Amino acid sequence: MHSGPHQHAPPHATRAFAVVTLANLAYTIIEAGYGFHTNSLALLSDALHNLGDVFGLALAWGAAVLARRPPTERHTFGWRRATLLSPLANAVLLVGFAGALAWEAIRRFGAPPSIPGLSIMAVAAVGIVVNLGGAWMMRDGHEHDLNRRGAFLHLLADAAISVAAVGAGAGIWWLGWNWLDPVISLLVSVVVALTAFGLLRESFNAAMDAVPRTVDQAAVAAYINSQPGVVDVHHLHIWSLGTGEIAMTAHVVRPADSADHDEFLDRLHRKLDERFGINHPTLQIEHGTSCEHDEHNRAPHSH
């Protein structure tokens, strides 16, 4: 039974991605120019990281656009899985840029260059405003939207890097501590890597059809088993179809003389959405517990 019309990302959601991506691209160009002019690793590393984030934000923007495309005969679920693959790519990018930043910071420890701290502070302060503003635009729904969360974490990481760059600039300008430039860059790379690994783990699980972290599969099974007329439930699978959409399939055993299957399915579909956020359930009604018709090695199931 179909669970109702699917909700796609509203147009304003994709507009937010567009604004944030273009704003970060403009800032990256400005920051890279100042970084080369002042020979500041803090600014260059932030610009390099921002360039990767621009690419990551563009991926998230493209995924949000693809997710709005309707299903076709070939792509029967539409393109909503793009919103699960985009944060996986974003996480890999974050890890890669964190490694590159750490390598360059370590290389500069031997002879930190002399750089103008005041210029670093000014440019990095603009970065704080740009990235926190972008994170604010991405704040709505990022708890349940992995694609939006990837962009949100990217922007917060960039804001943290800019804060660190301001601190480095202040130390260099006031105290002449040029070594702060590579030290701050190294510390920021560690923070970015730790943030990225969390996103990488979660996005990988989503791409591998793991049960979403917001859903307790045992609780779902117990709830279905508690419904009137349910003898057993097995072959229960729960996974994310994309942003804001959780799918589930299950075999539900009911007595052979049950005559209220349509009413039962309608009620259970509604309750699964209300209680667990499962808005694309597919339930197979059976009248026996052996389920011999699909016990074969080509498509093994867990009970």
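Author: This is a predicted model. Start with Glu274, which is exposed, at a relative accessible area of 54%.

Reader: What does Glu274 form a salt bridge with?

Author: A salt bridge is a side-chain nitrogen of Lys or Arg within 4 Å of a carboxyl oxygen of Asp or Glu. Here the partner of Glu274 is Lys271, and their closest N and O atoms are 3.7 Å apart. Lys271 is partly exposed, with a relative accessible area of 30%.

Reader: Where do Lys271 and Glu274 lie?

Author: Both are in helix α8, residues 261–276. Three residues separate them, about one turn of the helix.

Reader: How many salt bridges does the structure hold?

Author: Three. Another of them joins Glu202 to Arg213, with the closest N and O atoms 2.6 Å apart. Glu202 belongs to helix α6 (residues 180–207), while Arg213 sits in the loop between α6 and α7 (217–225), so this pair ties together parts that are 11 residues apart in sequence.

Reader: Is Arg254 buried or exposed?

Author: Arg254 is buried, with a relative accessible area of 3%. Arg254 forms a salt bridge with Asp260, and the closest N and O atoms of that pair are 3.0 Å apart. Asp260 is partly exposed, at 28%.

Reader: Turning to the sheet, in what order do the strands stand?

Author: Strands of a sheet pair through backbone hydrogen bonds, either parallel or antiparallel. In this model three strands form an open sheet in the order β1-β2-β3, and the pairing is mixed. The edges are taken by β1 (232–242) and β3 (280–286); each has a single partner strand, so one side of each is left without a neighbour in the sheet. From one strand to the next, the twist averages 10°.

Reader: How many bridges join β1 to β2?

Author: Eight, and the two strands run antiparallel. Strand β2 covers residues 245–253. As a landmark on the pairing, Trp239 stands opposite Ala247 in β2.

Reader: Which strands does α8 touch?

Author: Helix α8 packs on the sheet and touches β2 and β3. The direction of α8 makes about 145° with that of β3. This is the helix that holds Lys271 and Glu274.

How values were computed. Residues are numbered from 1 along each chain as its sequence is written. This is a predicted model: local features need pLDDT of at least 70, side-chain atom pairs count only at pLDDT 80 or more; totals for chains, interfaces and linings use all residues. Side-chain values use heavy atoms; hydrogens and water are left out. Helices (H or I, at least four residues) and strands (E, at least two) are DSSP runs, numbered from the N terminus. Buried means under 20% relative accessible area, exposed over 50%, partly exposed in between (1.4 Å probe, protein chains only). Two strands pair if DSSP finds at least two bridges between them. Axes are lines fitted to C-alpha atoms, for helices over the stretch in contact, and angles run from 0 to 180 degrees between N-to-C directions. Contact means heavy atoms within 4.5 Å.
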